Amino acid sequence: MSDETTTKPSSNGPGQRVVIVGAGMAGVQTAVALREHGWTGEIVLLGAEPHQPYDRPPLSKAVLLGKAEGSTLDVDFAGLGIGLRLGVQVTGARPDKRLVETATGQFPYDVLVIATGAEPIPLPGSEGEPGVHLLRTLDDAERLRPVLARQREIAVVGAGWIGAEFATAAREAGCAVTVVEAADRPLAGALPAEVAAPMAAWYEDYGARLVTGARVASVDESGLLLGDGTRLRAGAVVVGIGARPATDWLAGSGVELAEDRSVAADDRLRTSVPDVYAVGDCASFPSARYGTRLLVHHWDNALQGPRTVAANVVGSRTAAHFPGVVYDPVPYFWSEQFGRFVQYAGHHSAADELVWRGDPAGAAWSVCWLREGALVALLAVGRPRDLAQGRKLIERGARLDRTRAEDPSVPLKSAVL
């Protein structure tokens with residue numbers, strides 16, 4: 001890498017340089033969106049990993065099972081004039097000097113976009129322990145692939161989304177799988193008890209063992225020791241207990257962080273520091289739709305947010321009185337687990353009513369969350385049409401007739417008052 005300390009911003013176009021920290025989906029899409037919105041200045045995209053930027057969802061599925069070698073994003077960086085720098089570990093930001101600091105030099109910027117994503121939370125006491133794995137990066141998936149290929153006994157810590165997806169892949173590979181969850185049910189941090197409860201049976205149906213209400217006391221190369229003295233022997237342990245925003249490098253920068261350590265962006269994805277934006281898994285934003293600050297760790301947010309950032313970066317420099325583009329999406333994500341396709345749209349925490357569509361013991365059902373009669377969130381299991389229609393109804397703030405909404409034979413759009 002050349003000495004970036006002495007490199008001046010390009011004279012191309014307005015002579016401005018955008019530096020994007022993070023070459024995951026959010027960072028890459030921000031770079032692409034900037035070009036689509038007419039940015040003619042320089043774009044520098046910094047990635048900590050040595051690999052070409054890749055998509056993460058296939059890691060817990062096709063890549064892990066050896067059905068694909070990778071999931072490289074199909075972007076012509078050179079053709080778009082995007083300066084991609086890989087293997088660059090960012091160590092700090094100096095907004096007062098408009099500099100990004102790295103282990104190998106400094107990158108001056110006119111606009112900075114923070115897109116460093118999230119990092120997995122390790123199991124306390126397991127760091128450096130042989131046979132203990134996380135699943136977040138391409139390297140993680142490649143280390144786990146031969147473990148699954150040897151059909152070893154696997155212990156999974158955490159029955160959240162990633163734990164369920166990994167358990168699914170491990171069972172498909174022929175491994176014996178035990179999933180340990182500290183709460184009394186799967187997805188305890190994501191869904192209400194009555195909604196998550198039917199999902200516990202999915203594990204057994206797929207040949208996986210689910211142990212709930214179990215605290216991990218210690219972990220070693222032979223497996224897990226639980227708080228009640230039970231020992232679970234395993235050839236490998238996979239930890240999936242959540243992720244946190246990767247923002248430690250911003251210490252001392254003046255960029256405001258929320259209590260959850262996410263970058264506290266505003267409704268236009270601007271940070272507390274001028275000309276610094278944040279997007280993706282590392283950033284939270286205030287939602288007028290839901291009346292709260294949202295931190296969304298899902299693929300769709302990393303795809304949608306960059307368009308807002310790009311519009312605001314370009315607009316703020318080309319219009320005399322640019323009001324800015326507001327970011328207030330209907331959050332969306334999906335999960336493929338235990339032979340089921342699970343989709344969720346919205347945010348249910350402020351709902352005051354729950355409506356079931358179909359039998360949760362069956363293969364296909366949905367749950368609608370209402371607030372004062374208006375649809376605010378929807379979970380669909382094997383009912384993609386419900387999700388597609390429901391997402392649009394949430395965007396509209398549509399009110400539903402409860403009786404019609406309860407009937408799974410009635411299209412959700414036909415239940416609108």
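Residues under 20% relative accessible area are termed buried. These legends describe close-up views of a predicted model.

**View 1. Salt bridge between R17 and E42.** With a relative accessibility of 1%, R17 falls into the buried class. R17 belongs to strand β1 (residues 17-21) and E42 to strand β2 (residues 42-46), so the contact ties together parts that are 25 residues apart in sequence.

**View 2. Salt bridge between R136 and D281.** The side chains of R136 and D281 pair at 3.0 Å, N to O. R136 is placed in the loop between β9 (132-134) and α2 (138-149), and D281 in the loop between β19 (276-278) and β20 (283-287); the pair therefore ties together parts that are 145 residues apart in sequence. D281 is buried, its relative accessibility being 13%.

**View 3. Salt bridge between D386 and R357.** A salt bridge of 3.0 Å (N to O) joins the side chains of D386 and R357. Because D386 lies in helix α7 (residues 384-396) and R357 in strand β24 (residues 353-357), the pair ties together parts that are 29 residues apart in sequence. D386 is buried at a relative accessible area of 3%, and R357 is buried at 0%.

**View 4. Network of R98, D275 and R317.** Salt bridges with shared partners connect R98, D275 and R317 into one network. For the model, the count of salt bridges comes to 17.

Notes
Residues are numbered from 1 along each chain as its sequence is written. This is a predicted model: local features need pLDDT of at least 70, side-chain atom pairs count only at pLDDT 80 or more; totals for chains, interfaces and linings use all residues. Side-chain values use heavy atoms; hydrogens and water are left out. A salt bridge is a side-chain nitrogen of Lys or Arg within 4 Å of a carboxyl oxygen of Asp or Glu. Helices (H or I, at least four residues) and strands (E, at least two) are DSSP runs, numbered from the N terminus. Buried means under 20% relative accessible area, exposed over 50%, partly exposed in between (1.4 Å probe, protein chains only).
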